[in-house]
Structures are given as structure tokens and as C-alpha cells.
Amino acid sequence: MNQRNLLEVDWSTIPAPVDDGGAAHLEGMAVPPVSLVATNDTSVTLSALPGRTVVFAYPRTGEPGKIALVDDWDMIPGARGCTPQTCAFRDLYAELKAEGAAQVFGLSTQSNAYQTEMASRLHLPFPVLSDEKLELTRGLRLPTMEVAGLTLIKRLAMIIDDGRIRHVLYPVFPPDRNAGDVLAWLKENKGASERVI
């Protein structure tokens, strides 16, 4: 199946993911000291970043006109919507920063080369991190799905304060509302990053 327009999705036709408890353990966890390559040609260690960091994770972005990973990709709960999710964070980036996000990152298990093409095509103002070796995914025990022999991160967003996970949004649906939900949480909890969990 060819990828159609990656942004125009009728979410009523897409199965919503359920809360399987896969992220219940994350709040309060310290992020392990894992260095990930980013699309801006740097290495990022989330555990070492000061202040408030927003990380949104997704299974796998597609490319317009390219063949989908599997024919029934859209019918896998939580699979479809990585590009709309990413574009929503792009569009709200300035507001997220204004509400206290010192850093914003995307995160997937796709290769840095794949992510770099996507970041350029979508004109992202923030880096995307590659956890291709699954070091952060395994270190945090992030919820994952297995598709076509690949381990993919289930869609979620984490607010990290000084290397410790403060809040997690999971499951995420529809994906294009994730950035707005993160922004709403930041507004409600502005200044709360000084309080240690």
C-alpha cells in the first residue's frame, strides 16, 4: 500500500490505542545516561540536560509515495499518525518554548539518516533523536510494538525535568492533538520544574 497524504487522516477510521499500562512506571524515573545521535549532527544525553525537556516518541514516520512498512499499518492501533504528531509539535514549537520547554525532541527507533531526511522535508525547528540501538527504549522500558521484525516505540510524550521524568502522556490519540495536550500541561505546571519529584 502506498502512503497517501501523510497529514490528512480521518481519525474515525483508525483504531485508537488502549492504555495497556506500558508507561505506568515512567513517572518519577531518572533517565539513563544514554547518548543518542540527533538530526542536527549532535549527540544528546537527555539525562544531562538542565531544565524542562519535552520528548515525544512515535513508531515510524512514512514518506509520501513510498510503500508502507506493512499493508495493514493503518489498522495497527497507535501506528498511523507519526507525521501529523511531528508537524503539530513543529507548529506549536514557539509556544512550547514560551511555556517553559527548554528543549523539544522527537524520538523514534528509525535511523538518523531516515530521520534527517524527514526533519528536512518537514522543516522541523527541533532535533529528532535516533534510538536505533534501543538503548534508551530498553533503559526506560518504553512501551513498544513489533512490526515487520522491527521494534518500534509506541506513541507517547514525556516531560523531563533535570533528567527525571515528571509527566507522561500515554496512550496518545489522535496523534495530531499530542502537542496541544503537552502545551496545556506545561501551562498548568509552569514553574513546577523547580520542585523535585
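Q: Which residues form the aromatic cluster?
A: F56, Y58, F89, Y93 and F126 form one cluster in this predicted model. Residues are numbered from 1 along each chain as its sequence is written. Local features need pLDDT of at least 70, side-chain atom pairs count only at pLDDT 80 or more, and totals for chains, interfaces and linings use all residues, while side-chain values use heavy atoms, with hydrogens and water left out.

Q: How many aromatic pairs does the structure hold?
A: Five. Rings of Phe, Tyr and Trp (its six-membered ring) pair if their centres lie within 6.5 Å; planes under 30 degrees apart count as stacked, over 60 as edge-to-face and the rest as tilted.

Q: What are the distance and angle for F56 and F89?
A: The two are stacked, at 4.1 Å centre to centre with 5 degrees between the planes. F56 lies in strand β3 (residues 52-57) and F89 in helix α1 (residues 82-91), so the pair ties together parts that are 33 residues apart in sequence.

Q: Is F56 buried or exposed?
A: F56 is buried, at a relative accessible area of 0%, and F89 is buried, also with 0%. Buried means under 20% relative accessible area, exposed over 50%, partly exposed in between (1.4 Å probe, protein chains only).

Q: And what share of the 197 residues is buried?
A: Buried residues make up 54% of them.

Q: New topic: how many helices and strands are there?
A: The protein has five helices and nine strands. Helices (H or I, at least four residues) and strands (E, at least two) are DSSP runs, numbered from the N terminus.

Q: What does the C-alpha trace span?
A: About 50 × 35 × 30 Å along the principal axes.
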